[in-house]
Amino acid sequence: MHFETLAIHAGRHLDPSTGAVIPPIHLSTTFWRDPWQTLAGASLPNYTYTREGNPTRVALEQALAQLEGGSAAAVFASGSAATLSILQTLSCGDQVLLPQDVYYGTFKIAQGILARWGLEVERVDMTDLQQVAAALRPHTRLVWIETPSNPMLKVTDIAAIAELAHRHGARCVCDNTWATPLLQRPLEWGVDWVVHSTTKYLNGHSDVLGGVVITAAPEPESDPGWQTLRQIQSNGGAVPSPFECWLTLRGLQTLPYRMRGHCQNALELAYFLQAHPAVEAVHYPGLPDHPGHALARTQMKAFGGMLSFQVRGGRPEALQVASQLKLFTHATSLGGPESLIEHRASIEGPDSGTPDNLLRVSVGLEHPEDLIADLKRGLEVLGGQS
Ligand SMILES: *Cc1c(COP(=O)(O)O)cnc(C)c1O
């Protein structure tokens, strides 16, 4: 089945008790267990308690696993809970390799929380294969990819990193939040697990926080790593509510059509910004002169809805531009229908490596001409005419 069809049908079926076309939300936290079957020593039914499993959550997990081309998925209460859970499958003394340009929360979880529990955290430039090879140690258990990266839009060679990781017996995980399974399919390039913040494009409407891990293991329930992740999910309990699962399932249905709009708009904006005299640099892998463009062409179907640009000047100039815009809201996050712009260094804090003149844009689904007109007006504050 094609992606568009899967997005609408995966994880969904007619409700057998009512014939409802739209699946119900199962709010029940607890489920009947037949005492006679319990007496007869039967194993537990599919559902017993919602922390461990819930029909609405399972529907979302099935849909996400199918869309990403994996064998199973585990959803979490946020992308960060998914990231923490992945890192918690590691043990004291294990090493994890993180990209230098990684979602800052991922680094904070690894370094700020798990380093105290004995996790060794090393950061490398994932776009430099030699650097990655040199950083791999016998106790490296996990290599983390994020591509395109946040906020510099660097492109990492997924297949090459996965192969390097496997040669050293390490698991390879890819944060596919920015690309989505429509544009990039890391499991097909050899990655073991894909992680998403479903808060972003997958739900797509800026109204649900969520995360997911998807595995490629042919028999996930007998894979020790996946079993540990499942245990962290069900015993740790950082799970989304049934209503959040239902909303995310609803958002998923339009993912392919939303992504097309995001990609088209982003490319138009990138060309506009690149030609503007008040703009020093544009980071968007869809631009032919982007250093990751050729690689992105091989491993992505299109280049996504995220871009960042550096204005001529510093922090005041960047924030001045943001203050002039009417259609772009100065706010964090991404993946909703509304365009957002963000001065990234100020949210990442004092140890951020992000340039001070950089603005990150989540290109929304408004008409591109309106977006460009707004940016044009905003950039006039810096004096340059386009
Ligand atoms: C937002 C984001 C996360 C964190 O997800 P939350 O749902 O906010 O916890 C992780 N990775 C990337 C690339 C993100 O954009």
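How many nonpolar, polar and charged residues are in the shell around the ligand? By class, the shell has four nonpolar, seven polar and three charged residues. Here Ala, Val, Leu, Ile, Met, Phe, Trp, Tyr, Cys and Pro count as nonpolar, Asp, Glu, Lys and Arg as charged, and the others, Gly among them, as polar.

## Basis

This is a predicted model: local features need pLDDT of at least 70, side-chain atom pairs count only at pLDDT 80 or more, and totals for chains, interfaces and linings use all residues. Residues are numbered from 1 along each chain as its sequence is written, and side-chain values use heavy atoms, with hydrogens and water left out.

## The ligand site

The ligand is surrounded by 14 residues. Ser-80, Asp-175, Ser-197, Thr-199 and Lys-200 are the closest.

Polar contacts (pairs of N or O atoms within 3.5 Å; within protein, one must be able to donate a hydrogen and the other to accept it, and residues adjacent in sequence count only if both atoms are side-chain atoms) come next. Gly-79 places a backbone N or O atom 2.9 Å from a ligand oxygen. The side chain of Ser-80 has an N or O atom 2.6 Å from an oxygen atom of the ligand. Asp-175 puts a polar side-chain atom 2.7 Å from a ligand nitrogen. The protein buries 91% of the 380 Å² that the ligand exposes when taken alone. Accessible areas come from the Shrake-Rupley method with a 1.4 Å probe; for residues, only the protein chains shown count as cover.

## The seven-stranded sheet

Helices (H or I, at least four residues) and strands (E, at least two) are DSSP runs, numbered from the N terminus. Two strands pair if DSSP finds at least two bridges between them. Seven strands make an open sheet with mixed pairing, in the order E1-E7-E6-E5-E4-E2-E3. Strand E1 (72-76) and strand E3 (120-124) are the edges, each pairing on one side only. Neighbouring strands are turned by 20° against each other on average, direction ignored. Axes are lines fitted to C-alpha atoms, for helices over the stretch in contact, and angles run from 0 to 180 degrees between N-to-C directions.

E1 and strand E7 (residues 211-215) run antiparallel, joined by five bridges. Val-75 stands opposite Val-212 in E7. Contact between elements means heavy atoms within 4.5 Å. Helix H3 (residues 55-68) lies across E1, strand E6 (193-197) and E7, at about 125° to E1. Helix H7 (residues 158-167) also packs on the sheet, touching strand E4 (140-146) and strand E5 (171-175). The direction of H7 makes about 150° with that of E5.

## The five-stranded sheet

Another open sheet has five strands in the order E8-E9-E12-E11-E10, with mixed pairing. Strand E8 (279-283) and strand E10 (329-330) each have a single partner strand, so one side of each is left without a neighbour in the sheet.

E10 pairs with strand E11 (residues 340-343) in the parallel sense, over two bridges. Thr-329 has Leu-340 in E11 as its bridge partner. Helix H11 (residues 255-274) packs on this sheet and touches E8 and strand E9 (306-311). The direction of H11 makes about 10° with that of E9.

## Backbone exceptions

Most residues other than glycine have a negative phi, and most peptide bonds are trans. The bond joining Thr-147 and Pro-148 is cis, with omega about -10°. Asn-150 to Pro-151 is also cis, with omega near 5°. Pro-148 lies in the loop between E4 and H7, and Pro-151 lies in the loop between E4 and H7 too. Thr-180, in helix H8 (residues 180-183), has a positive phi near 70°.

Terms used. A residue is near a molecule or strand if one of its heavy atoms lies within 4 Å of it.
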